Amino acid sequence: MRDAISAPDADGKPRRTTRRFPLFTRDTARPEGGGRAASGDAPAPARQWPILTVLSAVALGLLLTALDLFRVGTILIGAALLAGAVMRWMLPSVGMLAVRSRFTDMLTYGVLGAAIVLLAMMAQPQPLLEIPFLDDTLHFTVR
């Protein structure tokens with residue numbers, strides 16, 4: 001019995017095929033939409049404008065949080081992640097903002113952004129958002 005032989009490789013030698021995964025990964029597939037966000041002749045920052053936009057907004061939010069504007073800074077951080085989710089959904093190519101599949105990136109950015117915004121709005125003192133059943137749950141579990 002002979003081993004299965006595949007089509008010739010780049011050097012013209014036939015290779016053995018197997019159903020097992022290789023021990024070492026030689027390369028990885030680029031995520032869907034992971035190409036440049038601008039043409040190749042544009043300067044490097046312009047080619048990666050989606051991730052730079054999200055990171056700049058997060059940096060500004062962290063700066064505002066450090067300057068004692070906690071609620072505004074954390075809402076800005078969450079809004080930046082939500083904007084990343086929208087860009088991942090709307091734009092065909094987002095560069096380094098694409099990490100996984102489009103669905104997984106949108107879900108991750110969206111859930112984290114929404115959670116950060118909601119927690120920032122519920123933060124004490126003087127919350128902007130009050131959820132009644134959370135106070136009842138806290139009353140029965142902690143108090």
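Me: What makes up the surroundings of R71, leaving aside its neighbours within four places in sequence?

Reply: In this predicted model, R71 is in contact with A120, M121, M122, A123, P125, Q126, P127 and L128. R71 itself has its place in helix 3, and is one of that helix's buried residues. A pair of atoms counts as a contact when heavy atoms come within 4.5 Å.

Me: What makes the approach between R71 and A120 a polar contact?

Reply: A polar atom of the R71 side chain lies 2.9 Å from the backbone oxygen of A120. The cut-off for a pair of N or O atoms is 3.5 Å, so a distance of 2.9 Å falls within it.

Me: Why is D105 called buried?

Reply: Happy to walk through it! The relative accessibility of D105 is 0%. Buried means under 20%, so D105 counts as buried. This residue sits in helix 4, which runs over residues 102-122.

Me: Which residues is D105 in contact with, leaving aside neighbours within four places in sequence?

Reply: They are R88, L97, A98, V99 and R100. Two of these names, R88 and R100, come back when we turn to charges.

Me: Why is the pair R88 and D105 called a salt bridge?

Reply: The N to O distance between their side chains is 2.8 Å. A side-chain nitrogen of Arg has to be within 4 Å of a carboxyl oxygen of Asp, and 2.8 Å meets that limit, so the pair qualifies. R88 lies in helix 3 (residues 70-90) and D105 in helix 4, so the pair ties together parts that are 17 residues apart in sequence. Both R88 and D105 are buried. In general terms, side chains of opposite charge can pair when their charged atoms come close.

Me: How do you know that R100 and D105 form a salt bridge as well?

Reply: The same test applies: their side chains meet at 2.6 Å, N to O, and the limit is 4 Å, so this pair passes too. The side chains of D105 and R100 also make a polar contact at 2.6 Å; with a cut-off of 3.5 Å, that label follows from the distance as well.

Me: Is R100 buried, exposed or partly exposed, and what makes it so?

Reply: R100 has 36% relative accessibility. Salt bridges that share partners join R88, R100 and D105 into one network. The structure holds 2 salt bridges.

Me: Why is A98 called buried?

Reply: Its relative accessibility is 9%; the limit is under 20%, so A98 counts as buried. A98 belongs to the loop between helix 3 and helix 4. Apart from neighbours within four places in sequence, A98 is in contact with P31, E32, G33, G34, R88 and D105. The C-alpha atoms of A98 and P31 are separated by 6.1 Å, although the two are 67 residues apart along the chain.

Me: What makes the buried residues of helix 4 a one-sided set?

Reply: The buried residues there are R102, D105, Y109, G110, G113, V117 and A120. They cover an arc of only 115 degrees around the axis, which puts them on the same side of helix 4. These buried residues pack against helix 3, while the face turned away from the buried side carries the exposed residues F103 and L119. As background, an α-helix has 3.6 residues a turn, so residues three or four places apart point the same way.

Me: What is the overall pattern of the chain, and how many of its residues count as buried?

Reply: Read along the sequence, the pattern is β-β-α-α-α-α-α, coming to 5 helices and 2 strands. Of the 143 residues, 25% count as buried. The chain exposes about 10,800 Å², with carbon and sulfur atoms supplying 66% of it.

How values were computed. Residues numbered from 1 in each chain as written. Predicted model: local features only at pLDDT ≥ 70, side-chain atom pairs only at ≥ 80, totals over all residues. Heavy atoms only, no water. Helix = DSSP H or I, 4+ residues; strand = E, 2+ residues; numbered from the N terminus. Buried < 20%, exposed > 50% of the residue type's maximum accessible area, 1.4 Å probe, protein only. Polar contact = N/O pair within 3.5 Å; in protein donor to acceptor, adjacent residues only side chain to side chain. Areas by Shrake-Rupley, 256 points an atom, 1.4 Å probe, with all protein chains shown as cover. Arc of directions from axis to C-beta.
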